[in-house]
Amino acid sequence: GHSMPLLATILLCVPLLAEFTISRNRSIGDRGLKQLAPALEQCSRLTSLNLNQTGLRSQSVLTISRLLRQLRSLTHLNVSDNACGGSEHDKTLCAAVKAHPSLKCIVLPFRVRLDVLFKRVRHAADPTTTLSNVFRG
């Protein structure tokens with residue numbers, strides 16, 4: 001958490017960044033992602049965002065949805081091994097996924113109900129979009 005402002009400043013220096021991985025850092029959490037989001041939104045060529053095992057909870061679903069609306073070049077999103085999803089915010093995530101023009105692969109926590117998400121997304125413009133949950137004990 002406390003190093004997020006510095007990381008956000010660094011991200012602003014590389015607006016042409018194509019891939020960003022900050023996985024396996026559970027201390028980031030909802031607050032850290034919220035601090036990083038404005039800088040990530042400036043990375044207009046970002047194609048891959050890996051937030052695996054970053055301590056995200058349900059509140060982060062709103063931040064992720066906002067990022068999806070801004071990052072139009074994103075093709076891969078990984079938010080697995082987090083406790084986000086399974087909340088009232090899932091509908092917001094569904095709408096953001098459905099409206100996204102280039103997303104090809106989404107790896108979600110088990111708590112996000114794929115049956116609900118898939119029903120909302122299957123009519124998306126690109127039928128090759130894949131959705132998967134990560135099942136881990």
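This report walks through a predicted model of one protein chain, from its overall layout down to a few single residues.

## The overall layout

Let's start with the big picture. The chain has 5 helices and 5 strands, and from the N terminus on they run α-β-α-β-α-β-α-β-α-β. Of the 137 residues in the chain, 47% are buried.

## Two helices side by side

Helix H2 covers residues 29-41, and it packs against H3 at an angle of about 10°, with the two axes 10 Å apart. Angles under 35 degrees count as roughly parallel, and H2 and H3 are therefore roughly parallel to each other. On the H2 side, the contact is made by Asp30, Leu33, Lys34, Ala37, Pro38, Leu40 and Glu41, while H3 brings in Ser60, Thr63, Ile64, Arg66, Leu67 and Gln70. Sorted by type, the residues of this contact come out as 6 nonpolar, 3 polar and 4 charged.

## Two residues of H3

Serine 60 sits in helix H3, which spans residues 60-70. Is serine 60 buried or exposed? Its relative accessible area is 0%, so serine 60 is buried. Setting aside residues up to four places away in sequence, serine 60 touches Asp30 and Leu33, and both of those belong to the H2 side of the helix contact.

Leucine 62 is in helix H3 too, but its relative accessible area is 30%, so leucine 62 is partly exposed. Apart from neighbours within four places in sequence, leucine 62 is in contact with His89 and Thr92. Leucine 62 and aspartate 30 are 32 residues apart in sequence, and their C-alpha atoms are 9.9 Å apart in space.

In soluble globular proteins, nonpolar side chains tend to be buried together. Here, the largest nonpolar core has 31 residues, and those with the most contacts inside it are Leu40, Leu46, Leu49, Ile64, Leu68, Leu74 and Leu77. Which elements give two or more residues to this core? They are helix H1 (4-12), H2, H3, helix H4 (90-99) and strand S4 (105-108). The largest share, 5 residues, comes from H2.

Leaving out neighbours within four places in sequence, leucine 46 is in contact with Leu17, Ala18, Glu19, Phe20, Leu40, Leu71, Ser73 and Leu74.

## Two loop residues with a positive phi

Most residues other than glycine have a negative phi. Glutamine 53 isn't a glycine, yet it has a positive phi of about 55°. You'll find glutamine 53 in the loop between strand S2 (48-50) and H3. Its relative accessibility is 18%, so glutamine 53 counts as buried.

Aspartate 81 also has a positive phi of about 55° without being a glycine. Its place is the loop between strand S3 (76-78) and H4. With a relative accessible area of 17%, aspartate 81 is buried.

## Cysteines

How many disulfides turn up in a search of the whole structure? The search finds 0. Cysteine 105 is partly exposed, because its relative accessible area is 22%.

Key:
Residues numbered from 1 in each chain as written. Predicted model: local features only at pLDDT ≥ 70, side-chain atom pairs only at ≥ 80, totals over all residues. Heavy atoms only, no water. Helix = DSSP H or I, 4+ residues; strand = E, 2+ residues; numbered from the N terminus. Buried < 20%, exposed > 50% of the residue type's maximum accessible area, 1.4 Å probe, protein only. Contact = heavy atoms within 4.5 Å. Disulfide = S-S within 2.5 Å. Axes fitted to C-alpha atoms, helices over the stretch in contact; angles between N-to-C directions. Parallel < 35°, antiparallel > 145°, perpendicular 65-115°, else oblique. Nonpolar A, V, L, I, M, F, W, Y, C, P; charged D, E, K, R; others polar. Core = buried A, V, L, I, M, F, W, Y, C linked by side-chain atoms within 4.5 Å.
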